[in-house]
Amino acid sequence: MDKPIQGIHHITAIVGNPQENVDFYVDVLGLRLVKKTVNFDDPGTYHLYFGDKEGSPSTIMTTFPWDGAAKGRIGTGQVGVTSFVVPTGAIPFWEERLTKKQCYFEKGTRFNQEVVSFTDPHGLKLEIVARDQGPKSEWSYEEITKDTAIKGFGGAILYTSSPDKTGELLTEVMGLEKVGTDGNFVRYQAEGELGNVIDLDTSVTEVGTLGVGTIHHIAWRAEDEQNQLDWHAHVGKYGYRATEVMDRQYFKAIYFREQGGLLFEIATDPPGFLWDESVEELGTSLKLPPWLEPAREKIENIVLPITIPKG
Ligand code: ZN
């Protein structure tokens, strides 16, 4: 491929109660709920998308709320930690905010950078790091301003059963660069400005199980549909058999399982989240793909009502 993978497109998690999910990502982290739809493969559950003002690629955390379902176990074959990036200098603000919102956190360092680690209400491991790279967020909530707001993903820590194979895929096939090691961590970097720093934690050996509080998959960016087809063929040459292209309404998706057990997706940047709602309206009504519209009434009766916090 003449152009390498630029970074993360979105990360998709399985969580519990949808209101608790919305309250945390909107009211604590200050992200915007940019789309409220259902899981196209399981239309009785929501698929919620959180991101920046316009739902830009590399800012999108998505969730399948499985209210009352069993907890999963975070382990190999999963994204272990989802990393959000804020502007340089904003770490003290976030320590204060997390304290105020009664979200317990720990401070540490990795690759000589400050890391604030915490979990969401359903057990997902999250962290905040600060970097200059990447445009500042235009979305504000309560006292969160441009100078402190989450810009998007800093990256992710992958838990893989085969760090060598996963590392090889990231570098040889996807075009990331191996930039260093720090203790158990091996760092890879993509060219993009956000969602571009990928660490492998080589110390994790226990296999993860899918359930509430775990990441379902990580999606990487393709610039358009042709580029996605090129990636389909390219990973195929290395023995990764990706699925056929699936229409996710806001992007096209292909999926393949990598050798460390993680489910990788390659998602197109277009059309994005603005084709069926204006910037002002994003996330305010339940959006269904045309093939589920006939079942709207039934779906609306199944999914739990949610209120979007206004701050
Ligand atoms: Zn996805």
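Let's start with spacing: the donor residues of the zinc ion run H-x206-H-x47-E in sequence. The ion is coordinated by NE2 of H10, NE2 of H217 and OE of E265, at 1.9 to 2.0 Å. Donors here are N, O and S atoms within 2.8 Å of the metal, or 3.2 Å for Na, K and Ca; water is not among the atoms, so sites may look incomplete.

A word on the source. This is a predicted model, where local features need pLDDT of at least 70 and side-chain atom pairs count only at pLDDT 80 or more, while totals for chains, interfaces and linings use all residues. Residues are numbered from 1 along each chain as its sequence is written, and side-chain values use heavy atoms, with hydrogens and water left out.

Strands and helices are DSSP runs, numbered from the N terminus: E for strands, at least two residues, and H or I for helices, at least four. Are H10 and H217 buried or exposed? Both are buried. Buried means under 20% relative accessible area, exposed means over 50%, and partly exposed is in between, with a 1.4 Å probe and protein chains only.

Next, the aromatics. A pair of rings is described by the distance of the centres and the angle of the planes. We count Phe, Tyr and Trp, the last by its six-membered ring, and centres must lie within 6.5 Å; planes under 30 degrees apart are stacked, over 60 edge-to-face, and the rest tilted. The structure holds 14 such pairs. Take Y49 and F251: they are edge-to-face, 6.4 Å centre to centre, with 70° between the planes. Y49 is in strand β3 (residues 42-51) and F251 in strand β15 (residues 251-257), so the pair links distant parts of the chain, 202 residues apart. Both residues are buried.

Now Y250 and W275. Their ring centres are 6.2 Å apart and their planes are at 35°, so this pair is tilted. Y250 lies in the loop between β14 (246-247) and β15, and W275 in the loop between β16 (263-271) and α5 (296-302), so the pair ties together parts 25 residues apart in sequence. Y250 is buried, at 2% relative accessibility. W275 is partly exposed, with a relative accessible area of 47%. Put together, ring pairs link Y49, Y250, F251, F273 and W275 into a cluster.

One more ring. R110 lies over the face of F185, 5.2 Å from the ring centre. For that label, NZ of Lys or CZ of Arg must be within 6 Å of the ring centre and within 35 degrees of the ring normal.

On to helix α1, residues 18-28. How many of its residues are buried? Eight of the 11, so the helix is largely enclosed by the rest of the structure. The buried ones are P18, N21, V22, F24, Y25, V26, D27 and V28. At the start of α1, a side-chain oxygen of N17 reaches to within 2.9 Å of the backbone nitrogen of Q19. At V28, the backbone oxygen lies 2.8 Å from a polar side-chain atom of R97. R97 is in helix α2 (residues 91-100). R97 is buried too, with a relative accessible area of 1%. After α1 comes G30, with a positive phi near 75°.

Last, some backbone details. The peptide bond from P270 to P271 is cis, with omega near 0°. P271 lies in strand β16. N112 is not a glycine, yet has a positive phi of about 60°. N112 is in the loop between β6 (105-110) and β7 (113-119), and counts as exposed at 79% relative accessibility. Q249, also not a glycine, has a positive phi near 70°. Q249 is in the loop between β14 and β15, and is buried at 11% relative accessible area.

Notes: A polar contact is a pair of N or O atoms within 3.5 Å; within protein, one must be able to donate a hydrogen and the other to accept it, and residues adjacent in sequence count only if both atoms are side-chain atoms.
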